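Grab your viewer and work through the exercises below. Each one sets a task and then walks through a solution.

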Amino acid sequence: NNAGASAVLSHRFTDHLKLSANVTSSFYNNTYHFYENINTENSSRDRYINNKVDQYQTNVQLTYAKEKYKINIGAQHEYWGVAFADTTFTPGAGLYQTVLNNKSNEQSAFITGVWRWVPGLTLETGMRYSDFAYSLVDRKFYEPRLHASYRWSDHFTTHIHYGKYHQNLNRRLFSNPLETEKGTWFVSDERPEAPNFIWVVQNRQSSIGLVYQLGNWKFTSDFYRKRAENIWTSALDFSNTEDPFAFADLEVKGMELSGLYQNRWLRLLWTYELVDEDMFVKAIDPFTVKSPFTQRHKISLLQNFYVDQWEISTRWKYSSGRYFSEGDFLETFTNEEQEEIYQINYNGLLGSKIQDFHTLDLSLSYKLKPKAWKKAFLKFSVHCFNVYNRENIVKRQFFIDYTKTPFEMSVYDRKAIPRAYNISVAFTY
């Protein structure tokens, strides 16, 4: 379940000076229920993992703008609360329940400037300072940012960018898998011996690109590099250890090319992206692997056709398959308490690839816009996703199936949606 609300307030003192403020609130609640009756003595209704996050953010910004420059000075406060409950069954440990509640705050201040003193040149500079209430190391962050673009002619523009950023990627506790289909990292902010800090990941990003426009055509190219430092994730550990977390740096290098054509009855947007992602794992014996999100080649072909009030859209998407670790066999051994422990042995870490992903989507829309409505209109749409019903796998993982006797190693494929239909009506005013 997700819910949110926001409010914005602004006041203009003069033609050049403006004060603005906004407040946002969001709520996230994620519950997994487990219905397999592993232990018949316990009700399956009691077996669940629940994660809740409450967030409140307040921003205040003062802007002074003139013809050749603009300066923003602002402050931000963010609060979040984390609640976690786990009543799942763990073989050898019985039914247990874990309930945790944590809260934290972040205070930030920033200043940015946009400068247009030289004809054709736009320069954007900024500095952001942030302080976390709970953070294991480097509680204070100083983050410079720079963006510059130069217009060489009416058709040709180049730009460069550099910046430092930080993010608390997720506030989930324990049981933190990689949510592959969402394309985001889920990392833990907890350790058993230190439950009151928020783990913050720092990022550095730089890019250089160009834009060429001629008539109805627009071509863009970007070359970029990103580095996320000290990702703390359990996704790289496949053994039963006391501390299942590992540190890793993520290095991303890529190139993106796109072409856009547009007239009154046709719009084409075609993109191609080449990506290389390496993870440098900081274990006792450091090693480098491909990120489980690596999709080296990505293609998107979007076409829109317009005839009077009708619109037909098609989009074909393709991407290389992601990497996964292939299980070899299930190992059994006895620990010091004479309990049987089961562990999957793998044929290398992230050494296999899922099949390539591709799909075709279609949609047909009609816009109803009577003259009496002025700017208002109704839009009726019919959509078909994955037209040729491609079976796309977005994540493959091996697990121990405790419902079998004896226990077995099994494989689980998380698949994208099959062919699906959707009808929508939208009113805009």
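Tyr64, Tyr69, Trp115 and Trp117 are joined into a cluster by ring pairs. This is a predicted model, where local features need pLDDT of at least 70 and side-chain atom pairs count only at pLDDT 80 or more, while totals for chains, interfaces and linings use all residues. Residues are numbered from 1 along each chain as its sequence is written, and side-chain values use heavy atoms, with hydrogens and water left out.

**Exercise 1. Work out what geometry the Tyr69 and Trp117 pair has.**

Step 1: Rings of Phe, Tyr and Trp (its six-membered ring) pair if their centres lie within 6.5 Å; planes under 30 degrees apart are stacked, over 60 edge-to-face, and the rest tilted. By this rule there are 15 aromatic pairs.

Step 2: apply it. Tyr69 and Trp117 sit 6.5 Å apart centre to centre with 65° between the planes, so the pair is edge-to-face.

Step 3: Tyr69 is in strand β4 (residues 69-86), and Trp117 is in the loop between β7 (98-115) and β8 (121-132), 48 residues apart. Strands here are DSSP runs of E, at least two residues, numbered from the N terminus.

Step 4: check exposure (buried is under 20% relative accessible area, exposed over 50%, partly exposed in between, with a 1.4 Å probe and protein chains only). Tyr69 has 22%, so it counts as partly exposed; Trp117 has 55%, so it is exposed.

**Exercise 2. Find out which kind of pair Trp217 and Phe219 form.**

Step 1: read off the numbers. Their centres are 5.6 Å apart and the planes are at 0°, which makes this pair stacked.

Step 2: look at accessibility. Trp217 is partly exposed at 35%, and Phe219 is partly exposed at 40%.

**Exercise 3. Is Ser258 buried or exposed, and what does it contact?**

Step 1: locate Ser258. It belongs to strand β13 (residues 246-262).

Step 2: Ser258 has a relative accessible area of 18%, so it is buried.

Step 3: list the contacts (heavy atoms within 4.5 Å). Neighbours within four places in sequence aside, Ser258 touches Lys218, Phe219, Thr220, Trp270 and Thr271.

Step 4: zoom in on Thr220. Its side chain makes a polar contact with that of Ser258, at 2.3 Å. (A polar contact is a pair of N or O atoms within 3.5 Å; within protein, one must be able to donate a hydrogen and the other to accept it, and residues adjacent in sequence count only if both atoms are side-chain atoms.)

Definitions and conventions. Helices (H or I, at least four residues) and strands (E, at least two) are DSSP runs, numbered from the N terminus.
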